[in-house]
Amino acid sequence: MKRTLRDFDWQGKRALVRVDFNVPFERGTTRISDDVRIREAVPTIDYLRGQGASVILCTHLGRPDGKRSPELELGPIVERLSELLDAAVGYVHDAPGDDAKAAARTLNAGGVLMLDNIRFWPGEEANDPEFAASLASLADGYVNDAFGTAHRAHASTEGVAHHLPAMAGLLMEKEITFLGGVLENPTRPLAALLGGAKVSDKLQVLGRLIGHADGLFVGGGMAGTFLKAQGYEIGASLLEENLIDFCTETMERAAATSTPITLPDDVVIAERIEPNVPTSAVSISDIPADAMILDIGPRTAASYAERLAAMGSVVWNGPMGVFEVPPFHEGTRIVAEALASSNAVTVIGGGSTAESVAHLGLAKQMSHVSTGGGASLEFLEGKELPGVAALDEVQGTH
């Protein structure tokens, strides 16, 4: 069992907290379009302040590749966090240097300081030991609350944990508890709903869930390769030809382990991915040569919705169609609404699945919406995440 921030006396101490404030902005502006990741970190920050700690935050934003990039500075994020905390948040254009050390030293109990975009320094992604040590020198304890970057072995997610008492924040704890629980001790029956563009993105998680889940449901672009493996013609749809044999073997292995895999029996097709383009819903045996599968069909959506809503637990990773482009959002919407109103334990993998659920206004009706896309997928695959592995174990556990 991993140590959490509740297992430490923070009175008069400085906490270095790795958060994931890599938020999207409205195109061409400094307006944050989705502040979920900031809001999710507020309970950890509030807890530490309430325990008498001063809080030093570090996050990345975008991919500046180890160089300072003015458009990726954190001013708008600091402003939004100040509003959410109803408290001033300091901001220093430094992370490992003297300016950061001076600002950290003078931070009062309950004070909050934001370091600059941690990826402005090449030592971050290189997990440079000296860079990690300089970050650690700012604080008395380290809290990782950035599940979304826990699959990266960077200085602020892994390296710094070797220099300070290292523990999980409240968001990190929640992620580990929900994702771990649904795999280790799920409320049965357990179903997995897998979508998104490619089978290749889901190879490992498919392997992990066969024999463990009670049913797998496939949608999204990845359904095309599975349908092709079953002998259907899929027109101009996305096809990973090198994975046809894998899909065939996966279906056979699933049948042998009593883990039924359900594929769409109708799909929404169009010749182009454009808003309001002419579409039709057809049986999987009637896909024209010049058309693409861009969503599950209405029969499939209704069937998936009914069957998934009757499950004890559902893990969902990957939308059912090109949900960003109406009218190819309907399959995702129908399934999401059924899960939101069901009694199932619903765990939504991060990334585009979380975005679609948030866009539909259904996030609060799900049991858990992960803040990590790649991290949640790797966790479900059974991989050990460097940012989690580096945290201290509670004494007496292994």
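Predicted model: local features only at pLDDT ≥ 70, side-chain atom pairs only at ≥ 80, totals over all residues.
Visitor: What should I know before I start?
Guide: Local features need pLDDT of at least 70, side-chain atom pairs count only at pLDDT 80 or more, and totals for chains, interfaces and linings use all residues. Residues are numbered from 1 along each chain as its sequence is written, and side-chain values use heavy atoms, with hydrogens and water left out.

Visitor: Which residues touch the most other members of the largest nonpolar core?
Guide: The general idea comes first. In soluble globular proteins, nonpolar side chains tend to be buried together. A nonpolar core is a set of buried Ala, Val, Leu, Ile, Met, Phe, Trp, Tyr and Cys residues joined through side-chain atoms within 4.5 Å. Buried means under 20% relative accessible area (1.4 Å probe, protein chains only). Here the largest core holds 102 residues, and L57, L81 and L115 touch the most other members. Helix α1 (residues 36–50) gives the largest share of this core, 5 residues. Helices are DSSP runs of H or I, at least four residues; strands are runs of E, at least two; both are numbered from the N terminus. There is also a second, separate core of 22 residues, including Y304 and V335.

Visitor: What is L81 in contact with, beyond four places in sequence?
Guide: Contact means heavy atoms within 4.5 Å. The partners of L81 are F21, I38, V42, I45, L57, V89 and M114.

Visitor: How many cavities of 30 Å³ or more are there?
Guide: Rolling a probe the size of a water molecule over the atoms shows where empty space is left. On a 1 Å grid over the protein atoms alone, a cavity is a set of points where a 1.4 Å probe fits but cannot get out; a pocket is an open set with protein on both sides within 12 Å along at least five of seven lines; lining residues have an atom within 4 Å of a point. This structure holds 1 such cavity. The largest cavity has about 50 Å³ of space. Its lining includes D20, R37 and D145.

Visitor: Which residues lie nearest the centre of the largest pocket?
Guide: D34, V36, A354, A358 and V369 do, out of 29 lining residues. The pocket has a volume of about 780 Å³. Helix α12 gives the most to this lining, with 5 residues.

Visitor: Why is helix α13 largely enclosed?
Guide: Of the 8 residues of α13 (residues 374–381), 6 are buried, so the rest of the structure largely encloses this helix. Those buried include L377, F379 and L380. The cover includes α6, α7 and β13. After α13 comes G382, with a positive phi near 95°.

Note on methods. Buried < 20%, exposed > 50% of the residue type's maximum accessible area, 1.4 Å probe, protein only. Points joined across faces, edges and corners; volume = space filled by probe spheres on them.
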